[in-house]
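Biologist: Please show me the structure, and let us then discuss how its chains meet.

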Amino acid sequence: MSFSVFIDGCLVIGILTLACLCLATKHLFTAIVLFVSLGLMVAIAWVRLGAPDLAIAEAAIGAGLTGALLLATWRQLSTEPANNDADTANKSGDENVPHP
Amino acid sequence: MSQDLLYIIASIGLFGIGLYGLIVAPHIIRKILAINIMSIGVFMLLVASASTVNGTPDPVLHAMVLTGIVVAIAGTALALFLAGKIHTLGQASDKDGH
Amino acid sequence: MFHTPNLKEHDHANELSVITRILCAIAIGTLSLSLIIMLIVTDNPSSVLPALVQQQLTQSGVQNPVTAVLLNFRSYDTLLEIGVLLIVAVAMLPNSNFISNINSDMPGNNPSSGRLVSVVTNAQVNPTLEAVLRWLVPMIVVMAGYMLWTGAALPGGAFQSGALLAGAGVLVQLSGRLQFCFTSTIAKLLATIGLIAFMVVAVGVAPTTGVILQYPTELAGPLILLIEIAATLSIATILLLLYNSLATQIPEMSPKPLASNKQPSASNKQPPAQE
């Protein structure tokens, strides 16, 4: 078995495993992070298939920007609306950001 | 087992995993992730059938997949925006109505 | 599968039963196996298109075959693709403006009067990220410009460099020091210039060669570069607009995050107690 077939086989096994894990994990944040890493492995697969333009585009658009959009929506869906008191809306977010 | 065959099997596998995830997953973001995985599978099938052993690979299919990647992120962004809007309007109606 | 999808993460209301899942898995497994067998059995039909592209490559104005196909041989597809991006941007634009009680540069009554990029004066800033970005953003801009220029002969092109610039914009927004307003006039101009330039070129070459989108051979290289520059600006603005409208939350919701969520994004906290 030649070396390039071995590399391609490892990539394919990695891609299929990441896809299965992405849809089977319990936490949604883990699923989004696994999707970004799946996008990066698919970018390597594009290089192996002789498509470097696609590799650059997939790494930038498919993995990076899609991951940013998914994380932004995940954050939006996991917050609750405000109650009528203003100070509980303030104090839960300021813990680990240094005040200027 | 040649390189093309390996990636064709991977692409159909990705498509099947994505389709199963789309049907089974309950949360809407997981469904959007599953649709994206299905589209990655389709792109991989196109590029795997475009690569030749000798000579340059087929550039028409590469251009088609590049267009597909950009349109896929546009569709994903719109779907995520609609999910956020459903969430916002659902909570607004929960606060007012019930 | 036909229930309404859940919006809460650990809500198990609409999950399918185990038997349905197993049946689905068996059906999809059979489908996949039959597709693989069919793809193995049928031989790859030889297409005449790669040979045609190689023949006409010298007359297309660029040396990279993918760029030649994207921007010369099948430029109509690229035109429509930029149009699709613009449609999605228009659909998501109203969510990306927010009320200006942080910064006086933000638009008040007239949304077009805001500036595209404005400095935030009293919001939370991530100092490590800001320090890294002082070095990283100029490098990203140079890299994007290089990738745009070298797309003619080497792998690169308009989409890749536009995506790089959009990534730099996402990082800048996450650091908290700058904020974007996409209803300003210059933002609308940047978002539409790709489609406008493409259509002007498409219609403008028609009197010379008789067919729209058919570039004259000696002008093909400069025309492709012009279209690519406009498309890069447009793609970067639109992708950044998509992220901005998803990462901005409407201030009257004033969110109280759940316990698992600890990282605020500086552009959307609108604390009412801060004056």
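Biologist: How many residues of chain B are in contact with chain A?

Modeller: This is a predicted model, in which local features need pLDDT of at least 70, side-chain atom pairs count only at pLDDT 80 or more, and totals for chains, interfaces and linings use all residues. Residues are numbered from 1 along each chain as its sequence is written. Taking contact as heavy atoms within 4.5 Å, 42 residues of chain A are touched, and the number in chain B is 39.

Biologist: What area is buried between chain B and chain A?

Modeller: Buried area is the accessible area (1.4 Å probe) that two parts lose on being put together, summed over both. Carbon and sulfur atoms give 79% of it, and the total is about 3600 Å².

Biologist: Which residues of chain B lose the most area to chain A?

Modeller: Three residues together account for 19% of what the chain B side buries. They are Tyr7(B), Arg30(B) and Leu33(B).

Biologist: How many salt bridges does the rule find across the interface of chain B and chain A?

Modeller: The rule asks for a side-chain nitrogen of Lys or Arg within 4 Å of a carboxyl oxygen of Asp or Glu. Across this interface the count is zero.

Biologist: Are α3(A) and α2(B) roughly parallel or roughly antiparallel to each other?

Modeller: Helix α3 (residues 52-77) of chain A and helix α2 (residues 28-48) of chain B have axes 11 Å apart, at an angle of about 170 degrees. Angles under 35 degrees count as roughly parallel, over 145 as roughly antiparallel, 65 to 115 as roughly perpendicular and the rest as oblique. The two helices, α3(A) and α2(B), are therefore roughly antiparallel.

Key: Chains lettered and ligands numbered in written order. Heavy atoms only, no water. Axes fitted to C-alpha atoms, helices over the stretch in contact; angles between N-to-C directions. Helix = DSSP H or I, 4+ residues; strand = E, 2+ residues; numbered from the N terminus.
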